[in-house]
There are 8 protein chains.
Amino acid sequence: MSKSYRRLDKNQAAVLLVDHQAGLLSLVRDIEPDKFKNNVLALADMAKYFQLPTILTTSFENGPNGPIVPELKQAFPDAPFIARPGQINAWDNEDFVKAVKATGKKQLIVAGVVTEVCVAFPVLSAIEEGFEVFVITDASGTFNAMTRDAAWQRMQAAGAQLMTWFGAACELHRDWRNDVEGLGALFSNHIPDYRNLITSYTTRQNNK
Amino acid sequence: MSKSYRRLDKNQAAVLLVDHQAGLLSLVRDIEPDKFKNNVLALADMAKYFQLPTILTTSFENGPNGPIVPELKQAFPDAPFIARPGQINAWDNEDFVKAVKATGKKQLIVAGVVTEVCVAFPVLSAIEEGFEVFVITDASGTFNAMTRDAAWQRMQAAGAQLMTWFGAACELHRDWRNDVEGLGALFSNHIPDYRNLITSYTTRQNNK
Amino acid sequence: MSKSYRRLDKNQAAVLLVDHQAGLLSLVRDIEPDKFKNNVLALADMAKYFQLPTILTTSFENGPNGPIVPELKQAFPDAPFIARPGQINAWDNEDFVKAVKATGKKQLIVAGVVTEVCVAFPVLSAIEEGFEVFVITDASGTFNAMTRDAAWQRMQAAGAQLMTWFGAACELHRDWRNDVEGLGALFSNHIPDYRNLITSYTTRQNNK
Amino acid sequence: MSKSYRRLDKNQAAVLLVDHQAGLLSLVRDIEPDKFKNNVLALADMAKYFQLPTILTTSFENGPNGPIVPELKQAFPDAPFIARPGQINAWDNEDFVKAVKATGKKQLIVAGVVTEVCVAFPVLSAIEEGFEVFVITDASGTFNAMTRDAAWQRMQAAGAQLMTWFGAACELHRDWRNDVEGLGALFSNHIPDYRNLITSYTTRQNNK
Amino acid sequence: MSKSYRRLDKNQAAVLLVDHQAGLLSLVRDIEPDKFKNNVLALADMAKYFQLPTILTTSFENGPNGPIVPELKQAFPDAPFIARPGQINAWDNEDFVKAVKATGKKQLIVAGVVTEVCVAFPVLSAIEEGFEVFVITDASGTFNAMTRDAAWQRMQAAGAQLMTWFGAACELHRDWRNDVEGLGALFSNHIPDYRNLITSYTTRQNNK
Amino acid sequence: MSKSYRRLDKNQAAVLLVDHQAGLLSLVRDIEPDKFKNNVLALADMAKYFQLPTILTTSFENGPNGPIVPELKQAFPDAPFIARPGQINAWDNEDFVKAVKATGKKQLIVAGVVTEVCVAFPVLSAIEEGFEVFVITDASGTFNAMTRDAAWQRMQAAGAQLMTWFGAACELHRDWRNDVEGLGALFSNHIPDYRNLITSYTTRQNNK
Amino acid sequence: MSKSYRRLDKNQAAVLLVDHQAGLLSLVRDIEPDKFKNNVLALADMAKYFQLPTILTTSFENGPNGPIVPELKQAFPDAPFIARPGQINAWDNEDFVKAVKATGKKQLIVAGVVTEVCVAFPVLSAIEEGFEVFVITDASGTFNAMTRDAAWQRMQAAGAQLMTWFGAACELHRDWRNDVEGLGALFSNHIPDYRNLITSYTTRQNNK
Amino acid sequence: MSKSYRRLDKNQAAVLLVDHQAGLLSLVRDIEPDKFKNNVLALADMAKYFQLPTILTTSFENGPNGPIVPELKQAFPDAPFIARPGQINAWDNEDFVKAVKATGKKQLIVAGVVTEVCVAFPVLSAIEEGFEVFVITDASGTFNAMTRDAAWQRMQAAGAQLMTWFGAACELHRDWRNDVEGLGALFSNHIPDYRNLITSYTTRQNNK
């Protein structure tokens, strides 16, 4: 009954951020806005921290969907940015797939808006092509919990692994000794409870 | 570990609307009535928009279950309408199966009331016969969330794919360029948040 | 211990619709969008049905708040429409107060977005000036339930009466015999469960 | 700061059951159907147990609202039954008010469907006329919790006391010694947890 | 991708009611007591209606777990009743397994208290021995939703099918024409919303 | 608009623990059992810590309601213990009222099972007699949240102040310097999050 | 029935931030951490934006309660900072009351951790002394919703007004024209949905 | 379709308690603190009761994560205790794996904080090496329900069995007759509802 553990590897992984656009974000109601914003930015910071190749894509930026969230654009000024002319499934866009394959990575970390479309479609396509896919559930959002649950089940049945940005960061880092400061800063900036622990700890250390 | 992506194809899909009857709707309590009504009508509009063959069926219209929701009848005046004389599983009704097979489609998009019976039974039967089945979860309703969750798990374990009307529409359409206006109208009519985006966008365009 | 029953009177009441704007609606998360849209349109239909003087007002339509929901504008083409140049509390705008007083009514039915600001502020001001105020809670929306609860408590402590559009319609109508068809249509158009009752009833009547 | 305790008195109280009709019950979604049915029947049993004068009333029984729940009709075959020809507020119906006053009671125990209309309107009217009013919240139902909360606040602000059938039964009974068997049977029939306690207790007593 | 539909068959099914005891019921908090009581009695009525062989079992009736719910004992006066002397998994009790096998049925419909133990253990054992197992989720209860969810996932992963009493009744009955009155009575007695439909329907039929 | 602050005073307060009996506790479902048990024991520890006169009372201990929770009996071996022969409202029992008045305190801290009866009735009676009453909401329990909400509103409308055991302890203690160790121990024993803070803090102090 | 509207006035108001300490924050569970952190920082930014006199206070910073959240300290480097030696109610600390009175303001905006103690106690004390008190509910936190609800009711019964940081900001600002940029920036920094509106709006303006 | 029942066996099982540290516990918000504390201690008591080899491990005890919960340390004074110098996945620590293998057991019962990292990572590693893994879901905690759900699905897809401490205890014990007193004490100490049953039962036995 043993089963191989497909584990995130910072040398094997790329990040795909799909359609985090200012208009589309108003559709997201399965997760509270303050938390969602924080999760998306945390995922971006994680990608930068581990220097993972990252690809941005949007759909119809000039229409009602609105422009990409500016913080993401600023975080990855040199990343491939594919403004799709119409394809709903990013994987149907040749440039996007080319950019993904150009990273040379076999593990894909995916998040986006909305979960059952902009995330699920390329996830299912990438699995079909043999990629290992990790969905960052808490940096992906959609209309309501019912829709999310159905989307999760569809992706998981296809072999996607459901994770969160925090779990992914831990699996990528492997060992705190690789860089205590860096990982601690990432967590402190995006997990208020963790920041409180550090604040209390540091204050006491300083008082010694 | 790659797995084939069974994807909705507008040339391969038919829609089955099972037992959306005025009396039975009073049993639906796992989804709020305003939202459920909207989802069912959105699914109908989607079927018409993509010109998918659609089949209506009811059970005991003259009894307490009540007549089919009039909007559905009006939406598909020429669709096969099978008023089943008694079979609970629509697939046990020969006329219904005949109508399904007459469409020549191998993908079935199914919604109905109540989820664990009127939807799940024909879904399981159709899978057994080799159809690819897509359940529109948010246009299907039942007594409570516990019942729904059990029904979803049973159907998914058998290979059904759980979707929503919005996800299905996106997967069928593939590319906005196929018809921006049409898909936009479908969304605007059934997603208030999307309509608001379009309202703001259009107003500003006109003000230029 | 007896206490006077301040009761809505269709000859004494005016309706104030405050800041139902396409942009601001994306802030509303204490009520589900399909239901909220339905409630706002139901309130508009109620106002028209009882021919209550109705006043529309918006804040910064040309900025990010966005334009008024088009359906409201269309429903009341001849109503006073006060596009406030900057006042957050509509009651701080002289034209708005003038329009309210010009109706000659002493009962004000108020709804808007967001509840604790655009609704609560003019409600508290109007009570101070001696108006009887009825808040239509389900056609008003805000960021989350905690915010709504605090706003309700503040308004109620000041003497506002908390109602819903359905309760208000019933209190205004008093007696079904005043117009069975009209009230039935209002309910059927905005309460799916009620429509189902009517569908079943009518079908059976016709089958006799 | 002392305040008089207005307490239910079995010699001073009458029960008003307003519009518990088969059609209207499908509108009730702020309480689960099995529980609501149980509560309404418990209230009826309580009224009979304490021999409280009870008045039934309905609105439009021959229309979509449907007939009164048969169990209530059977429970009170000789009670005044006022089928209102159109008045939404039962207190606007002279026969109803006459029947209430004919009981000679000053305390009114009220429940009905829907809470913010069929319950709240006569409650507010009765308070205005000097009655002490006790709302049985759990034998009253409406569209959703938001509507219920607003209705509760409006009634309480006017001086109504919010209770449940169980609390009312306890306040009426005062002392178990008045009839242990009778009150125990009432609770056992309508509170599964209490029945379980009695089952375990009785079994052990019998085994001694 | 076709998959066989393992379908309840009234000629192939037996019912196992495990540890519905007065004391243990106080542990059940993942489902509201009025609803749970109703579901358990509905399942019993269903078993009787379809004349399915039914087996009762309890654990430590003379201890704190308390006696079996009296209604179940009364419903099946002649059914095998195995009061287990100590085995937690009923399948570890030879008499129980003998009784199950003596029915000659290959489909087992199982419910009990608590879900993750008294239901899950014999379910997993029975599957191992080749039975087809159907768990009646809503006539089974446990400490909280988290516990239930974990138990459901464990059973489903082993091949159990998750159903409710209503779904099971529909799958067993197959066709309303087999007995409209009987099935209608079963539903009317245990589904308040369905009873209301029948009340409205019948009243109107009689008024014709 | 200033209003006097009626504040708990450890020299003016007595504690009344009403009907925390082993059987009745199975009725409590508005609060999770682990948390409720903890709250009741915390309240008992608080009463002992501040040496507040405490009175225990039960109803029908020898019947299905069951015996008082043993921990409470053990915590207050010398406290007045009034086993009421039948009065549902403890205040209707002369011995109980005598015991309350014998404390000479004017502030009453009350908790019990179930909230709307065993707590609310003596609370309303005590207010009528001029006592200042503080309800410990989280050491009181009842059937469900709806029942609790109605009971809270009734008590508050009569002038009762709604508190929790933690808030009461803080208001009684006034100043940490009165006894840091003692209050810290009370919190550490009953608030896991607080215990964690102390564990981390103490460990670090010891490591210095 | 008219009632005076006590309205926040930026020339009359001071802000009290009570016990937002790194340790105590781990006790807050009635509001999600990301949202709570955002609300507290938003309140701080609001106080600075309107240049309201602000007072910080903590309890036992060197013990398990931990240090004040660093961001607050940094935001108000020159504000009175009262590290209370032991008083639980900040109003029992003379220095704190002196600092409050030294502001010369009659309106107090209060937030803190935990709501029923660190907020409610000084709120009740300040009302007694004739201040107008506004509680910022969403920048105050406590153990759970039940505790919060009881605390809100106690404060409101004493005359406190329940608000949120957003509502307070709007009531203080009165008119957008006083400074569109400034208020817009405050909202954009702390309301993701509002920021999205501004992002979409600005992008389109720039594209013209 | 039969499937082998992998069943906990007290002779084959070891327990792994991962990172239950005072600081990390403040991150746990998917389960209420009183309940979580109780579950963790119950699992510890279970391990001791069945004399299962138990291994403790922590991460960064001297940093912000804080020391292990003292009760666990005291419960297992002689257990292997691996304070990991940095490895996030305990299975990446050789000493830990050695300790696990030294037990000679093939079944691993795992709980920890946080679920998706400290539990999921070693669970997936252990499965890969051929161990049978049982996750104690209710003695494991994490940031929120969404994160937990994703972690459960990932572990279950890999073959882990999801259980609770109560279910595990029952599966290990097999038969009450092995030791009624012992198992009863374990349950009575950690399940308030069960303790109440025993209290009522024992009291009555003693009264005979």
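Student: What percentage of the 208 residues of chain A count as buried?
Tutor: Keep in mind that this is a predicted model. A residue is buried when its relative accessible area is under 20%. Of the 208 residues in chain A, the share that counts as buried is 71%.

Student: How many helices and strands does chain A have, and in what pattern?
Tutor: The secondary structure of chain A comes to 8 helices and 6 strands. Along the sequence, these follow the order β-α-β-α-β-α-β-α-β-α-β-α-α-α.

Student: What radius of gyration does chain A have, and why does it agree with a compact globule?
Tutor: A compact globule of 208 residues would come out near 17 Å. Chain A agrees with that value because its own radius of gyration is 17 Å.

Student: Which share of contacts in chain A joins residues at least 24 apart?
Tutor: Start with contacts between residues at least 6 apart in sequence. Among these in chain A, the share joining residues at least 24 apart is 79%.

Student: How far apart are the centres of the positive and negative side chains of chain A?
Tutor: Chain A has 21 positive and 23 negative side chains.

Student: Which residues of chain F lose the most area to chain H?
Tutor: Here 27 residues of chain F are in contact with 27 residues of chain H. The area buried between the two chains is about 2100 Å², with 49% from carbon and sulfur atoms. Three residues together give 23% of what the chain F side buries: F:D34, F:P192 and F:N196.

Student: Is B:G184 buried or exposed?
Tutor: B:G184 is found in helix 7 of chain B, residues 180–190. Its relative accessible area is 11%. The cut-off for buried is under 20%, so B:G184 is buried.

Student: How far apart are the closest C-alpha atoms of chain A and chain E?
Tutor: No contact joins chain A and chain E. Their closest C-alpha atoms lie apart by 13 Å.

Terms used
Residues numbered from 1 in each chain as written. Chains lettered and ligands numbered in written order. Predicted model: local features only at pLDDT ≥ 70, side-chain atom pairs only at ≥ 80, totals over all residues. Heavy atoms only, no water. Helix = DSSP H or I, 4+ residues; strand = E, 2+ residues; numbered from the N terminus. Rg over C-alpha atoms; globule rule 2.2 N^0.38 Å. Buried < 20%, exposed > 50% of the residue type's maximum accessible area, 1.4 Å probe, protein only. Contact = heavy atoms within 4.5 Å. Lys, Arg positive; Asp, Glu negative; His and termini not counted. Charge placed at Lys NZ, Arg CZ, Asp CG, Glu CD. Buried area = accessible area lost by both parts, 1.4 Å probe.
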